[in-house]
Amino acid sequence: MSTPRRALAAAVAAVVLLELSSCGSSGGGGGAQDASGKAEGDITFQTWNLRANFSSYFDGLIAGFEKKYPGTHVRWIDQPAEGYADKISADAAGGTLPDVVNVSPDLVAPLAKAGLALDLGKAAATYRPEYLAGAWNGHRIPGMPGTYAFPWYLNTGPLFYNKGLFRKAGLDPDRPPRTYAELFGDALELARRSNGEVATLANVPTVEDFGRYGAGLMNEQGTGFAFNDPKVVELLTKYKELYDAKALDPGALTATPESTGRKFLTGAVAMNPGSALDLGTFKKQAPTLYRNIGITDQITSTGHVNMYVMGVMVNSRTRHTPAAVAFAHYVTDAQNQMSFAKKAAVFPSTTGSLDDPYFTRQDGTDESRVRVAAAKSLKNAVNYTPVLFSEQMKTALRNEVAKALLGKESPRAALDNAVDACDRLLRQQG
C-alpha cells in the first residue's frame with residue numbers, strides 16, 4: 001500500500017533555516033502541547049495512497065468522528081505513493097504540514113528532530129496501554145525521550161515457496177528451510193541440480209536481514225551504526241557464495257519488489273517474501289504456481305519476525321491540538337483499526353485485537369492460514385529497520401553489498417565502508 005521512502009534530512013535543514021515558522025495547516029504560530037482541552041476546530045488529515053481503494057471507509061471514519069466531536073471538521077487529503085516523502089519535506093519547509101499525517105517511522109524521525117511532531121508520550125500518554133508495546137515503540141527516536149506517532153496498521157508476511165521447483169530438485173516439498181543453515185544448503189542444492197537455472201532468492205540482504213540474523217544494528221546511544229560485526233560478515237559471506245553459485249538471482253543487485261515478484265511468478269526463483277494479498281495474484285496470473293504454493297515462516301535467528309509499522313503523527317504546530325490528537329487516536333483505536341484491517345488485509349496494532357477470531361481461526365483457505373500465522377508472529381515482532389536509517393543509507397548499504405557480491409570488496413570491507421557512509425549521513429541529519 002506504500003512504497004519505500006527517501007530520506008527527509010533535507011526537510012530538517014529547511015525547517016531549521018525557517019526557524020520552524022508558520023507551520024501547520026490550521027494557521028501560523030506554535031500549537032499547544034496539551035491535548036486535554038475540548039476537541040474542536042478545523043483540521044486537515046493526510047493519508048498515503050489510500051483514496052483509490054478506501055475512499056468510502058475514510059468518508060465514514062471522518063463522519064463518525066465529527067458526530068462524536070461536534071464542532072470539529074476534518075478535511076481529508078490523500079497523496080500518491082510516488083514522491084510522498086518529498087511532499088512532506090516541502091510542506092515541512094513551507095509551513096503547510098497538515099495537522100494529522102500518515103507516516104512511517106523513517107518519515108517521522110526528521111520531523112521529530114525538527115520539533116514538528118508532537119510528543120505523544122507527553123500529550124497522549126493515557127492512550128499508551130491501548131497499543132502493542134512493539135508498535136508503540138516503533139515511532140520512538142534514538143536520543144529523544146518521546147513517541148511521535150500513534151501506531152496504526154502493521155504488516156508482516158511469510159515466505160512463499162514453489163513446491164514444484166523443490167520437488168524437481170529432489171528436495172522435500174513439505175519440509176521448507178526453517179533456519180539460515182537449511183536455507184543456504186537448500187539454495188545451493190537447488191542451484192546445482194537445476195544447473196544454475198533456478199535461484200532460491202532474488203533479494204540481496206538488507207539491514208532488516210541483519211537484524212533477523214541476530215546482529216546489533218546501532219550503538220546504544222543511537223549515534224552510530226554497528227552492523228559491521230562478525231555475524232553480518234558471516235551472513236554476507238554466505239550470500240556471496242550463493243551469488244557465485246547462482247543460488248541468488250543474478251538480477252538481485254538491482255531488484256525491486258516488483259521484479260522479484262515477477263521472477264517468482266515465472267518460476268525463475270523458488271522463494272519470495274509476500275503477504276496474503278499475493279495469493280490472489282498467484283491464483284489469477286500463475287495457476288500452476290498457485291497449485292504448488294508452499295507457505296512457511298520468515299527465517300530468523302532471534303525468534304522475532306520483522307514488523308512493518310505505519311503511524312499517524314500530530315503536527316506540533318497545529319492550532320487545534322485537542323482535536324488533532326483526538327482524531328489521530330480515533331483513527332487508530334481498536335474498533336477502527338479492526339475495521340480497516342479487514343478491508344485492507346493488514347493487521348491492527350491495538351492490544352488484544354490480534355486475539356480476535358478473525359486472526360486466530362483458520363477457515364481452510366490459504367488466505368486464512370497466512371493471516372493467522374502472521375497475526376501470531378506479530379504479537380512479539382520487531383521493526384528491525386532503525387528509525388534513523390534513511391533511504392540514502394539504504395542505497396549506500398546496497399551499493400556496498402553489491403561490491404561484496406561482485407568480488408570487488410571483501411564482505412568485511414564492504415560492511416565497514418557501509419557503516420562509515422551511514423554514519424556520515426547520520427551526522428548530517430543532526
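Are Phe225 and Phe389 buried or exposed? Select both in this predicted model: Phe225 is buried, and Phe389 is buried too.

**Stop 1: a ring pair**

Keep Phe225 and Phe389 selected. A pair of aromatic rings is described by the distance of the centres and the angle of the planes. The structure holds 31 aromatic pairs. One of them joins Phe225 and Phe389 edge-to-face, with 5.5 Å from centre to centre and 75° between the planes. This pair links distant parts of the chain, as its two residues are 164 residues apart. Phe225 is in the loop between helix H9 (207–212) and helix H10 (230–244). Phe389 is in the loop between helix H17 (366–378) and helix H18 (391–405).

**Stop 2: an aromatic cluster**

Next, select Phe45, Phe54, Tyr57, Phe58, Phe65, Tyr69, Trp76, Trp152, Tyr153, Phe327, Tyr330 and Phe340, which form one aromatic cluster.

**Stop 3: a lysine over a ring**

Select Lys231 and Tyr213. The charged end of Lys231 sits over the ring of Tyr213, at 5.0 Å from its centre.

**Stop 4: the second largest pocket**

The second largest pocket has about 470 Å³ of space. To find it, select Thr296, Asp297, Gln298, Ala373 and Ala374, which are the closest to its centre among the 26 residues that line it. Strand S7 (293–296) and H17 are the elements that give two or more residues to this lining. Which element gives the largest share of the lining? H17 does, with 7 residues. By class, the lining of this pocket has 10 nonpolar, 10 polar and 6 charged residues.

How values were computed:
Residues numbered from 1 in each chain as written. Predicted model: local features only at pLDDT ≥ 70, side-chain atom pairs only at ≥ 80, totals over all residues. Heavy atoms only, no water. Phe/Tyr/Trp six-rings, centres within 6.5 Å; stacked < 30°, edge-to-face > 60°. Helix = DSSP H or I, 4+ residues; strand = E, 2+ residues; numbered from the N terminus. Buried < 20%, exposed > 50% of the residue type's maximum accessible area, 1.4 Å probe, protein only. Lys NZ or Arg CZ within 6 Å of the ring centre and 35° of its normal. 1 Å grid on protein atoms, 1.4 Å probe; cavity = no way out; pocket = protein on both sides within 12 Å on 5 of 7 lines; lining within 4 Å. Points joined across faces, edges and corners; volume = space filled by probe spheres on them. Nonpolar A, V, L, I, M, F, W, Y, C, P; charged D, E, K, R; others polar.
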